[in-house]
Amino acid sequence: MAAFLLWIILFVLCWPLALLALVLYPIVWLLTLPFRIMGIAVNGVLGLITAIFMLPVRLLRGPRAI
């Protein structure tokens, strides 16, 4: 809602810039999509590596620590 209100204010103050932002937003979103997908994948791999390294510690702590 706040982004929409800011866009309305921009549209009132400088409508060509607001229309340009409206047209370029989907293009920028598509260009950044692979980077976001890669970030999710890297986060998952790092979480898996962390879980693998922490598994012996969790096993040595015993069942009451879980």
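This report describes the overall form, the two helices and the surface of one chain.

The model is predicted. The chain contains 2 helices and 0 strands. Its radius of gyration is 23 Å, whereas a compact globule of 66 residues would have a value near 11 Å. Along the principal axes, the C-alpha atoms fill a box of roughly 65 × 25 × 10 Å. Of the 66 residues, 3% count as buried.

Helix α1 spans residues 2-13 and includes both Trp 7 and Phe 11. These two residues are 4 positions apart, about one turn of the helix. In general, an α-helix has 3.6 residues a turn, so residues three or four places apart point the same way. The structure holds 1 aromatic pair. It is formed by Trp 7 and Phe 11, whose ring centres are 5.3 Å apart. The planes of the two rings meet at 25 degrees, and because planes under 30 degrees apart count as stacked, the pair is classed as stacked.

Ile 9 is also found in helix α1.

| Residue | Relative accessibility | Class |
|---|---|---|
| Trp 7 | 23% relative accessibility | partly exposed |
| Phe 11 | 36% relative accessibility | partly exposed |
| Ile 9 | 46% relative accessibility | partly exposed |

The class of each residue follows from the cut-offs, because buried means under 20% relative accessible area and exposed means over 50%, with partly exposed in between. Trp 7, at 23%, therefore counts as partly exposed rather than buried. Ile 9, at 46%, is likewise partly exposed.

Ile 9 also contributes to a nonpolar surface patch of about 910 Å².

Helix α2 covers residues 15-61. Where in this helix does the kink lie? The kink is at Met 54, shortly before the proline Pro 56, and amounts to about 40 degrees. Just after α2 comes Gly 62, which takes a positive phi of about 100 degrees.

Note on methods
Residues numbered from 1 in each chain as written. Predicted model: local features only at pLDDT ≥ 70, side-chain atom pairs only at ≥ 80, totals over all residues. Heavy atoms only, no water. Rg over C-alpha atoms; globule rule 2.2 N^0.38 Å. Buried < 20%, exposed > 50% of the residue type's maximum accessible area, 1.4 Å probe, protein only. Phe/Tyr/Trp six-rings, centres within 6.5 Å; stacked < 30°, edge-to-face > 60°. Patch = residues over 30% accessible without salt bridge, like charges linked within 9 Å, V, L, I, M, F, W, Y side chains within 5 Å. Areas by Shrake-Rupley, 256 points an atom, 1.4 Å probe, with all protein chains shown as cover. Salt bridge = Lys/Arg side-chain N within 4 Å of Asp/Glu carboxyl O. Bend = angle between axes of the 7 residues up to and from the residue.
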